[in-house]
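Here is a short briefing for a reader new to this structure. Take a look at the sequence and the model, then read on.

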Amino acid sequence: MDPANGQLVEGGVQAQTRQALVNMGEILKAAGCGYENVVKTTVLLADMNDFTSVNDVYKQFFSTNFPARAAYQVAALPRGGLVEIEAVAVLGPLNNAS
């Protein structure tokens with residue numbers, strides 16, 4: 001959703017994924033952290049066949065230390081959206097497990 005007008009962005013599932021992740025980044029920044037603090041995401045898809053397209057955008061935002069992720073196809077998303085992404089982030093430094 002475009003925060004400037006409250007509407008879904010046009011351009012299909014990749015455009016909506018990119019906007020969702022940009023929005024997530026702004027929320028993370030406001031909380032004093034970034035994408036590297038995300039430990040878990042849940043991706044909700046209107047069509048599971050869009051998973052590869054969503055993943056192509058997703059990996060541009062999460063390039064190392066990928067957070068745990070679950071993905072589900074749902075019956076419908078608000079306003080006819082194609083994708084919704086929920087994230088859990090940990091505030092503060094994270095240590096890599098060895």
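Helices (H or I, at least four residues) and strands (E, at least two) are DSSP runs, numbered from the N terminus. This is a predicted model, in which local features need pLDDT of at least 70, side-chain atom pairs count only at pLDDT 80 or more, and totals for chains, interfaces and linings use all residues. Residues are numbered from 1 along each chain as its sequence is written, and side-chain values use heavy atoms, with hydrogens and water left out.

**Overall layout**

- The protein chain holds two helices and three strands. Read from the N terminus, their order is α-β-α-β-β.
- The protein chain has a radius of gyration (taken over C-alpha atoms) of 14 Å, close to the 13 Å that the globule rule gives for 98 residues, so it is as compact as a globular protein of that length. The globule rule is 2.2 Å times the number of residues to the power 0.38.
- The C-alpha trace spans about 40 × 30 × 20 Å along its principal axes.
- Contact means heavy atoms within 4.5 Å. Of the contacts between residues at least 6 apart in sequence, 76% join residues at least 24 apart.

**Burial and surface**

- Buried means under 20% relative accessible area, exposed over 50%, and partly exposed in between (1.4 Å probe, protein chains only). Buried residues account for 31% of the 98 residues.
- The accessible surface (Shrake-Rupley method, 1.4 Å probe) totals about 6,100 Å², and 52% of it belongs to carbon and sulfur atoms.

**Helix 1**

- Helix 1 covers residues 12–30. Its 19 residues should span 27 Å at 1.5 Å a residue, and its end C-alpha atoms are 27 Å apart, which agrees. The expected span is 1.5 Å times one less than the number of residues.
- The buried residues of helix 1 include Val13, Ala20, Leu21, Met24 and Leu28.
- Strand 1 (38–45), helix 2 (51–61) and strand 3 are among the elements that cover the buried residues of helix 1.

**Glycine 32**

- Glycine 32 follows helix 1 and has a positive phi, near 85°. Its place is the loop between helix 1 and strand 1.
- Glycine 32 is exposed, with a relative accessible area of 60%.
- Asparagine 65 lies 33 residues from glycine 32 along the chain, and their C-alpha atoms are 19 Å apart.

**Valine 90**

- Valine 90 sits in the segment after strand 3 (83–89). Valine 90 is partly exposed, at 34% relative accessible area.
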